[in-house]
Amino acid sequence: MDDQNKNLLLATALSFVVILVWFVMFPPPEQTATDPNAAVTAEASAPVAAAAANTAAAVATEVETTDAPRLAIETARVNGSISLKGGRIDTLALKDYRETLDADSDIVSMLSPIDSAQPYYTLFGWAPGQGLAIDQVPGANTIWSVNGNDVLTADSPVTLTWDNGAGLIFTREMAIDENYMFQITQSVTNSGATTVSLAPYGVIARHGEPEEMKNFFILHEGLISMADGELAEVDYDDVADLDFDAREGSRAEVTQVSEAGWTGFTDHYWMATLIPEAGFKSVRKYDERSDVYQTEAVQPTQTLAPGATVTASTRLFAGAKEWEAIRAYENNAGVPGFLDSIDWGWFFFFTKPIFWLLHTLNAMIGNMGWAIIGLTVVIKILVFPLAYKSYASMAKMKELQPQMEALKEKAGDDRQKMQQAMMELYKKEKVNPAAGCLPILIQIPIFFSLYKVIFVTLELRHAPWVSWITDLSAPDPSSILNLFGLLAFTPPEPGSILAIISLGILPILLGISMWLQQKLNPAPTDPTQQMIFAWMPWVFMFMLGGFASGLVLYWITNNMITFTQQYLIMRSHGYKPDVFGNIKSSFKRKEKAKE
């Protein structure tokens, strides 16, 4: 067997071995169950239970919330409203994003009220402690009054007030920045004669699993939290399987955050997250009776003496997972680990720098498709020293081909003798027969990382390249079945059985680029190997036909650069690849086979 062909087959086998070893050595982190009893002090247990009761009340009184007065939310990037019943932020839409590429498509809706098809909203309040009953603190059905401005904008916060009639006056100020970060400042003044205690909390509630979930293993969708530097990504079904916690009144898991953290829900491109002040109790729970998932952030109990005022603040991020915005919140606004809310995966040491470079190139070029091509060029430059050694070794192997054939004839059937002679020849000529595998192997983690980046990051969503490629995160929409739009025929929808043969322009170019790359070397003499090599480009063409067009574009560019590099390097070492001759010979073999 030709050593170049051996190397390619070996590289294919090693690719699967590398993936298998990676999964064995670096399995996904297991979610360790936290004992809620161990992390909760006796003083805080009552507020936590009361917070759970308040949230349960919100679920139990769905019908009562429909006619509540509302305050508008209006900024350059979002619009929505706040219900004065409970002070919920329960409608929010993102002006910069539409559901589809259609110009008339609805803008993306994130939060929705309790009487909608998929309720998803936030609640804030105070859980009663010593000296207070549950009806003496604001809850899910409390009707708040507006004090001053009645429209929340980036320049004008709104203030809500409520007097419990028993000496406590509650105030809630809500502000929002130019992006997606709300600031909720809660305060309570004690004008009574007795000391009381109470604990501020924030809740994000979601009724049922979202209908638009991708349910794809490469992407986490569900509950997410950061607790003192430890990231936890918990799927909806895992929350539903938590043990029942009597104090929380549902299936729940409690984590005590001693310093900093955040907790919330993440979708493919959108996220709602509570970011309390340092030191809080993070709770994830599921109420199976009403099919409601919740994340809660309960801050420490505060003692309020007569005449005193206490204040607590919680931030709420509700919006798009934009890399620039989230990084700014992490670096400049004191939200530790916030960039990890984007699902970088196990290969984060590749995906993060790859995305940074792609983002930077896109900012310079102004087109994500050309940025992917630029990224491919940069990667090929970085790995060029390795590629040079590899292709130089391959050229040297071609030069040694006559000597290797002579050794095979001399050794006859004595395979051990032949192997020893070959190793001596390699050592003498300073040739590494495995060098040809290295460029292929290094492409494996890069390919997976780029696939992750293209699939997960928001910046690739609806990003156009040229002409017919209007969304680099989606498969090539053109189809050979209607001659790429020349025929009045609608190709099969993605996911249908016929979609696999509905190849677009990019997948076909991918197959051609792989086929050309093969023609740098003569076909192997073994018929089985010939068949494998002949089919390989076209099998990959169909396999990758349904992948994101941005990934296919990367693979085509990589193939063409590799072809050029290999051709030039092999020529510089005295071996001239006969590309056209190899192409002609492949067609001659097919004609001969027909005869």
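**A tour of the aromatic rings**

Start by selecting Y120, Y236, F265, Y286 and Y293, which ring pairs link into a cluster. Here, rings of Phe, Tyr and Trp (its six-membered ring) pair if their centres lie within 6.5 Å; planes under 30 degrees apart count as stacked, over 60 as edge-to-face and the rest as tilted.

A word on what you have open: this is a predicted model, where local features need pLDDT of at least 70 and side-chain atom pairs count only at pLDDT 80 or more, while totals for chains, interfaces and linings use all residues. Residues are numbered from 1 along each chain as its sequence is written, and side-chain values use heavy atoms, with hydrogens and water left out.

Next, pick R88 and Y121, where R88 lies over the face of Y121 at 5.3 Å from the ring centre.

The whole structure holds 27 aromatic pairs. One of them joins F216 and F217, edge-to-face, at 5.0 Å centre to centre and 70° between the planes. Colour by accessibility (buried is under 20% relative accessible area, exposed over 50%, partly exposed in between, with a 1.4 Å probe and protein chains only). F216 is partly exposed at 29%, and F217 is exposed at 73%.

Last stop: F349 and F350. Their ring centres are 5.4 Å apart and their planes stand at 50°, so this pair is tilted. F349 is partly exposed at 41% relative accessibility, and F350 is partly exposed at 28%.

Notes:
A charge sits over a ring if NZ of Lys or CZ of Arg is within 6 Å of the ring centre and within 35 degrees of the ring normal.
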